[in-house]
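Please open the model in your viewer and keep the selection panel at hand. The stops below each give something to select and then describe what is found there.

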Amino acid sequence: MPQYSGGPRLDDPWGGQLDDYEQAPMLSRGGTSNLADILERVLDKGVVIAGDICVSLVDVELLTIKLRLLIASVDKAREIAINWWEDDPWLTRGEGDGEGSSHQPDRALSRRIDKIETILDRLSSHLDQAGELRQSGSGG
Amino acid sequence: MGGVSGMTIAPDGDTMPMSGLFVYGIVDRDADCLYPPGIGGAPVRAVGCRAGVAALASDAGAVAPTLSMGDGELVPASLEAAVRAHESVLEEALPYGVVPFRFGSVVQESDLVAYLESTGVILAAELERLRRRSEWSVVATWDRKAAEAYVASEQRESLSATRTPAGGAGRAYLMARQRSQVERNALEMFRARCASRLYRALRLVARDAVLRAAVTQQDAGGAHRETLLDGCFLVENAEQEAFSARIETELARGFSVKLAASLTGPWPAYHFTRTDIGVSA
C-alpha cells in the first residue's frame, strides 16, 4: 500500500500527496443511456403540472407508476385537490369493505381459497373412503 | 410492441380517456432545435407563450392503447421506449437550456396554454437559472476491507493503550469487545469524514448539489464496496472538465481505501428543477 506523507491521517483522509499515487484513478464515465438512471429521473423528478396524470399500464404496472407519482408528490397533490388514490381500490383499503368497495384482489384470493378448500374436502373424503375399504377388507 | 396509453386524472378523482399533449419540458420559444420523435413516435412541437418560453409537447392521442410486457421483462419494452423518447427530447434541448417535466405529464392544449401564460415569467426565470448548466451524477465507493485495514493500521497506537492487562479470560473477552467497538466507531467516523471531504471538494466546482441515500454495492470482483457518496451535481457546462478532473484528483487522494466512482451525464437538471412551479398551474 502506498504511504501517505502528510497530515494526521484519520482526521484528514485525503492528507496524502499526489506524488504517492501509484495506480490509475478508478473513474468510470457513463452517458445517459442506462434505463434505471433514466427511470429514476423521469418518473420522480421534474416539474409536475396540475392535472397530472397517470400513465395507465396493465394491472401491476399501473399500480407501480401510480405509487411512484404518489410518493413523489402527495403533499402537493393534496394541495391542488388531486386525491385519486384515495378512491383507488388498489391503493386504498378502507374500513367498509362492503358491496360498494371493489377489492378485486381480495375476491380473487377468496375464490382461490374456496377452490383449494373444496379440493381438500374431496381428497379428505376419498381418503376416508379408502380407509374404510381397507378396514373392511382386512376385517373380512 | 405496444405504446403507452393513459388517462388524465381530474381533480375530483374522475378518470377520462386520454387526449391532449405529453409535455416534455420548457425551452426558449425561439430555440432553433430539431427534436427527435416523442412518445409513441409523435412529432414534438413547441407551444409558446408571451413570456418567451415554450413547452415541448407531442400529441398523446397518437399513442397506442396499452403497454405490453414480454416474458421476463422487468420494465415493459414499450415503457422503456416511452421514457427513452422523453429523455432524448430533453437531451436534444439541453444545450439550448431546458426545464424538464416529469414523464407522463398530460394536459389539454388549452390548459397548457393557460398554464404557460400564467406561469411563463416564472418558467422563464427557471429556464435562465438552468441554462448552460447540466446535471452530473456521482456515485463514489470505497473498498470496505481496505478501509478497515487502513483504519486499523492508523488506530494501532491508540489500541495499544488498551491492550489487555493481566487477568482472566472474561476480562480478555471484554477488552476484545471494547477494541472491536473502538474500531467500528473509528471506521464510521472515518467514513463520514471521507464522504464529507469528497462532497465539499465537488461542491466547490458545482453550482448546486443533491445527495441521495447511499446504497451498498458489490462490485464485479466480489469485493465489498460501500457507497460513500451518491449525489447529483449541477455543473456549468464550461466547468464540466474541471468537475471531472476534480473527481479524478479526489480518487487519487483516496487511494488508501481504493476509492472509485462512476460519473454519468450530462443530464437535464431533473434534480434541480423547482417542484412548486407546476402547482400554480
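Begin by selecting Glu148(B) and Arg144(B), which form a salt bridge whose closest N and O atoms are 3.0 Å apart; a salt bridge here is a side-chain nitrogen of Lys or Arg within 4 Å of a carboxyl oxygen of Asp or Glu. Because the two residues are four apart in helix α3 of chain B, about one helical turn separates Glu148(B) from Arg144(B). Helices are DSSP runs of H or I with at least four residues, strands are runs of E with at least two, and both are numbered from the N terminus. Glu148(B) is partly exposed at 32% relative accessibility, whereas Arg144(B), at 18%, is buried; buried means under 20% relative accessible area, exposed over 50%, and partly exposed in between, with a 1.4 Å probe and protein chains only.

This is a predicted model, in which local features need pLDDT of at least 70 and side-chain atom pairs count only at pLDDT 80 or more, while totals for chains, interfaces and linings use all residues. Residues are numbered from 1 along each chain as its sequence is written, chains are lettered from A and ligands numbered from 1 in the order in which they are written, and side-chain values use heavy atoms, with hydrogens and water left out.

Next, select Glu226(B) and Arg191(B), a salt bridge with its closest N and O atoms 2.8 Å apart. This pair links distant parts of the chain, since Glu226(B) sits in strand β11 and Arg191(B) in helix α4 of chain B, 35 residues apart. Glu226(B) counts as buried, at 7% relative accessibility. A further selection of Glu40(A), Arg41(A), Glu135(B), Arg212(B) and Asp230(B) shows one network, joined by salt bridges that share partners. Over all chains, the structure holds 17 salt bridges.

Arg131(B) is buried at 14% relative accessibility, while Glu128(B) is partly exposed at 42%.

Now turn to the nonpolar residues. The largest nonpolar core has 28 residues, and those with the most contacts inside it are Trp142(B), Leu202(B), Phe233(B), Phe243(B) and Ile247(B); such a core is a set of buried Ala, Val, Leu, Ile, Met, Phe, Trp, Tyr and Cys residues joined through side-chain atoms within 4.5 Å. Of the elements that supply this core, α4(B) gives the most, with seven residues. Centre the view on Ile247(B), which, leaving aside neighbours within four places in sequence, is in contact with Leu27(A), Val138(B), Leu202(B), Ala261(B) and Leu263(B), where contact means heavy atoms within 4.5 Å. A second, separate core of 26 residues includes Leu39(A), Ala60(B), Leu79(B) and Ala82(B).

For the last stop, select helix α1 (residues 35-42) of chain A and helix α1 (residues 77-93) of chain B, which pack at an angle of about 70 degrees with their axes 10 Å apart; axes are lines fitted to C-alpha atoms, for helices over the stretch in contact, and angles run from 0 to 180 degrees between N-to-C directions. That angle makes α1(A) roughly perpendicular to α1(B), a term used for 65 to 115 degrees. Where they meet, Leu35(A), Ile38(A), Leu39(A) and Val42(A) face Glu80(B), Val83(B), Arg84(B), His86(B) and Glu87(B) in contact.

Note on methods:
Angles under 35 degrees count as roughly parallel, over 145 as roughly antiparallel, 65 to 115 as roughly perpendicular and the rest as oblique.
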